[in-house]
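Take a walk through this protein with the model open beside the text. Keep the sequence at hand.

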Amino acid sequence: MTKAASQIFVLSGPSGSGKSTLLKKLFSEYPDTFGFSVSHTTRQPRQGEENGKDYHFVNKDDMIKEVAEGKFIESATFSGNMYGTSIKAVQDVVARGKICVLDIDMQGVQAVKQTTLNPRYIFVQPPSLETLEKRLRGRGTEAEDAILNRLAASRRELEYAQQPNAYDRIIINDDLNRAYEDLKNAIFVSESA
């Protein structure tokens with residue numbers, strides 16, 4: 001029998017690393033175990049994204065106010081848009097009796113490390129920057145300057161991930177099935193361990 005190694009997990013990695021795909025597989029296989037901490041953002045929804053499911057899409061002035069009021073665990077601005085995890089989003093997951101998963105960027109990881117939360121940190125890494133760039137361009141959802149900004153941020157995230165104690169586990173997503181097994185191994189531990 002296995003159990004979760006922690007009640008809160010932080011999943012991080014560059015945009016295009018495959019975090020969302022891995023999380024969808026995890027939530028599909030374990031629908032009653034995990035709860036996703038739905039982040040807030042001031043950016044516009046992409047095609048197919050749903051408010052309250054993929055993100056809480058909010059007004060920038062409202063989010064600035066709530067961040068200033070201390071209602072967020074972490075927040076960051078990227079490409080002119082704010083992103084963040086509200087305390088309420090995590091409390092909602094815990095209140096439902098589920099293990100909370102936070103999908104946040106490097107700035108968010110650094111902010112969470114300053115809180116009293118004690119999550120396990122997992123980094124999803126693309127096999128290379130070239131592969132990451134192909135994935136980002138393949139989406140066809142962003143302008144060239146946004147892609148270049150994401151690639152620059154990705155370089156910083158990859159450098160941070162190599163620092164001692166930045167993450168508890170690094171998963172290289174060069175094969176989706178293997179990366180998914182690695183993710184499950186990072187989350188679950190044997191009762192006898």
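The tour below goes from the sheets to the helices and then to the pockets.

This is a predicted model. Begin with the sheet of 5 strands. The sheet is open, and its strands run in the order β3-β8-β2-β9-β10. Their pairing is parallel. At the edges sit β3 (34-37) and β10 (169-172), and each of these pairs on one side only. From one strand to the next, the twist averages 25°.

Look inside that sheet at β2 and β9. Residues 8-12 make up β2, and residues 120-125 make up β9. The two strands pair in the parallel sense over 4 bridges.

Helix α6 lies across β2, β9 and β10. Its direction runs at about 130° to β9.

Next comes the other sheet. Here 4 strands form an open sheet in the order β5-β4-β7-β6. The pairing in this sheet is mixed. Its edge strands are β5 (56-57) and β6, each pairing on one side only. Helix α3, residues 87-95, packs on this sheet and touches β6 and β7. The direction of α3 makes about 40° with that of β7.

How do β6 and β7 run, and how many bridges join them? They run antiparallel, joined by 6 bridges. Within this pair, Thr-77 stands opposite Met-82 in β7.

Return to α6 and look at its helical partner. Two packed helices are described by the angle between their axes and the distance between the axes. For α5 and α6, the angle is about 145° and the axes are 11 Å apart. The crossing of α5 past α6 is right-handed.

Which residues meet there? From α5 come Leu-129, Leu-132, Glu-133, Leu-136 and Arg-137. From α6 come Glu-144, Ile-147, Leu-148, Arg-150, Leu-151, Ser-154, Arg-155 and Leu-158. By class, this contact has 7 nonpolar, 1 polar and 5 charged residues.

The largest pocket holds about 1400 Å³. Its lining counts 45 residues. Nearest its centre lie Lys-19, Ser-20, Arg-46, Tyr-55 and Asp-103.

Which element gives the most to this lining? Helix α1 does, with 6 residues. Several elements each supply at least two residues, among them α1 (19-29), β6 (72-78), β7 (81-86) and α4 (106-112). The lining divides into 12 nonpolar, 18 polar and 15 charged residues.

The second largest pocket holds about 210 Å³. It is lined by 13 residues. Those nearest its centre are Arg-43, Arg-46, Asn-81, Glu-142 and Arg-150. The elements that give two or more residues to this lining are β7 and α6. Helix α6 gives the most, with 4 residues. By class, the lining of the second largest pocket has 3 nonpolar, 5 polar and 5 charged residues.

Terms used
Residues are numbered from 1 along each chain as its sequence is written. This is a predicted model: local features need pLDDT of at least 70, side-chain atom pairs count only at pLDDT 80 or more; totals for chains, interfaces and linings use all residues. Side-chain values use heavy atoms; hydrogens and water are left out. On a 1 Å grid over the protein atoms alone, a cavity is a set of points where a 1.4 Å probe fits but cannot get out, and a pocket is an open set with protein on both sides within 12 Å along at least five of seven lines; lining residues have an atom within 4 Å of a point. Grid points are joined across faces, edges and corners, and a volume is the space filled by probe spheres set on the points. Ala, Val, Leu, Ile, Met, Phe, Trp, Tyr, Cys and Pro count as nonpolar, Asp, Glu, Lys and Arg as charged, and the others, Gly among them, as polar. Axes are lines fitted to C-alpha atoms, for helices over the stretch in contact, and angles run from 0 to 180 degrees between N-to-C directions. A crossing is left-handed if the near helix is turned anticlockwise from the far one by less than a right angle, and right-handed if clockwise. Contact means heavy atoms within 4.5 Å. Two strands pair if DSSP finds at least two bridges between them.
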